[in-house]
Amino acid sequence: MTHSLRIPDLTIPTRPETGTGWSAGVGPGDAGDPAVSDVDVIRVHGAARLAGTVHVVGAKNSALKLMAAALLAPGRSVITNVPRITDIAIMGEVLRRLGCGVRFDADDPVDPMVAVGGVARSRSVTIDVPEQPGVEADYDLVRRLRASICVLGPLLARRGYVRVAHPGGDAIGSRGLDMHISGLTRMGADISGEHGFVIASAPDGLHGAEITLDFPSVGATENLLMAAVLADGTTVIENAAREPEIVDICTMLIRMGALIDGEGTSTITVTGVPRLQPVRHATVGDRIVAGTWAFGAAMTRGDVTVTGLDPTYLEIALDKVVAAGGLVETRADAFRVRMDERPRSVDVVTLPYPGFATDLLPMAIGMAALSDGASLITENIFDGRFMFANEMMRLGADIKTDGHHAVVRGRERLSGAPVRATDIRAGAGLIIAGLCADGVTEVSHVHHVDRGYPDFVADLRALGIEVERATAPEEPELTI
């Protein structure tokens with residue numbers, strides 16, 4: 001039997017999970033949405049060990065931008081290996097309101113590694129883009145999905161005018177749009193802010209420019225790339241982001257007819273063309289989900305094989321697991337992590353790719369909390385990433401934070417307790433930390449986890465974990 005999970009203006013097909021609240025697949029929407037459960041909890045029993053094989057599908061951080069890139073070419077584009085998560089549904093609705101036809105279809109579920117309970121983990125999305133797409137991205141959707149700001153570049157390139165609500169997103173620090181605005185201004189755009197909207201116009205079209213980013217921002221690189229492919233002349237982006245997701249977008253744009261050189265390096269050169277063609281493209285595997293399972297294996301002294309990803313995208317993270325005492329085997333599209341003893345302490349510093357990914361910081365702290373010794377963890381990307389440290393301390397972790405640094409002294413085992421997910425990766429990190437705690441750990445606000453991990457509960461069960469997802473009891477009203 002198929003149920004539908006309703007978010008205002010969205011209907012997402014999903015698989016029910018017997019005896020629990022919402023499905024472990026496409027989960028609830030963002031906080032404050034009265035139509036879905038914002039109080040779902042995931043309960044795990046400690047003293048558990050992850051063991052088995054898990055498949056990762058397409059990267060959320062790539063698929064969302066690939067969907068925006070489809071706006072650059074009128075006609076039908078198809079993107080496959082798209083993760084079955086809430087954020088993808090929200091981006092689909094953003095595109096619908098811009099006049100696009102959007103249809104989600106299950107990818108082939110025959111392979112048991114890419115399907116759970118007969119339901120595909122990934123989907124293909126078919127996007128029919130009109131000759132004249134709309135020019136306004138509404139606040140009610142953009143506030144729930146920061147990545148929707150990436151429609152700014154392609155719409156400005158296609159239409160010469162765009163209004164995009166100022167985005168929201170995870171509460172993990174400031175993420176300004178200064179570099180987006182500065183770069184587009186150098187390309188000839190006139191940009192202002194009014195009533196909560198970013199308003200950009202280029203009535204005579206965009207032109208090539210030399211742009212140097214103050215920081216290798218992924219979002220700014222993506223927006224500038226997508227604007228530059230239809231600009232007049234050549235654009236050079238210095239200090240560009242180098243993430244695999246950037247290379248994935250460039251690969252799709254090149255297949256659409258764009259002229260791009262230097263993808264994967266810090267200097268990207270784009271020569272504008274008059275028109276692009278729609279394309280079919282498969283999303284690159286999700287290195288953050290894969291990295292989550294790698295650290296999970298290390299934390300639980302488990303043995304996990306991860307398929308669906310080129311392990312070179314996780315080279316630094318896997319090196320840290322090896323330094324902690326783990327055994328890592330790699331092949332072209334998979335890797336295996338085995339940890340037989342208590343992890344050794346290792347220091348971690350987050351940096352732009354190819355450095356250690358900030359999205360894996362909660363897992364690094366989780367491993368440090370269980371390690372033999374003290375670890376120094378340094379966060380250089382988001383100033384609010386340590387928000388979740390208080391929740392880890394509720395599990396008994398010994399963490400002292402000071403600005404961008406945290407000293408974590410490892411303990412043999414943590415202690416189960418109720419905790420709250422503060423963002424996508426923190427939620428996943430807390431759930432895995434609960435596997436290493438005595439008793440039961442209950443993680444609330446797991447709608448955050450749904451935004452980044454398709455079928456997280458089902459994957460945990462497949463790896464041998466006793467886990468339950470349920471709706472938490474309502475808190476009693478208090479009166480004076």
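Helices here are DSSP runs of H or I with at least four residues, numbered from the N terminus. The model is predicted.

**Exercise 1.** State which residues of helix α5 are buried, on which side of the helix they lie, and what they pack against.

*Solution.*
1. Helix α5 spans residues 178-186, and its buried residues are Met179, His180, Gly183 and Leu184.
2. Around the axis of α5 they cover an arc of only 125°, so they sit on the same side of the helix.
3. An α-helix has 3.6 residues a turn, so residues three or four places apart point the same way.
4. The packing partners of the buried α5 residues are α4 (152-159), β12 (190-194), β14 (210-212) and α6 (218-228).
5. Just after α5, glycine 188 has a positive phi of about 105°.

**Exercise 2.** Determine how α8 and α9 are oriented to each other and what kind of residues form their contact.

*Solution.*
1. The axes of α8 (residues 287-299) and α9 (residues 315-323) come within 10 Å and cross at roughly 5°.
2. Angles under 35 degrees count as roughly parallel, and α8 and α9 are therefore roughly parallel to each other.
3. From α8, Ala294, Phe295 and Ala298 make the contact; from α9, Ala317, Leu318 and Val321 do.
4. These contact residues comprise 6 nonpolar, no polar and no charged.

**Exercise 3.** Identify the residues with the most contacts inside the largest nonpolar core, and list the contacts of leucine 253.

*Solution.*
1. The largest nonpolar core has 79 residues, and Met187 and Leu253 have the most contacts inside it.
2. Neighbours within four places in sequence aside, leucine 253 contacts Ala69, Leu72, Met226, Val229, Ala258 and Ile260.
3. Another core, of 73 residues, lies apart from it and includes Val54, Ala397, Ala437 and Tyr453.

Technical notes
Residues numbered from 1 in each chain as written. Predicted model: local features only at pLDDT ≥ 70, side-chain atom pairs only at ≥ 80, totals over all residues. Heavy atoms only, no water. Axes fitted to C-alpha atoms, helices over the stretch in contact; angles between N-to-C directions. Helix = DSSP H or I, 4+ residues; strand = E, 2+ residues; numbered from the N terminus. Parallel < 35°, antiparallel > 145°, perpendicular 65-115°, else oblique. Contact = heavy atoms within 4.5 Å. Nonpolar A, V, L, I, M, F, W, Y, C, P; charged D, E, K, R; others polar. Buried < 20%, exposed > 50% of the residue type's maximum accessible area, 1.4 Å probe, protein only. Arc of directions from axis to C-beta. Core = buried A, V, L, I, M, F, W, Y, C linked by side-chain atoms within 4.5 Å.
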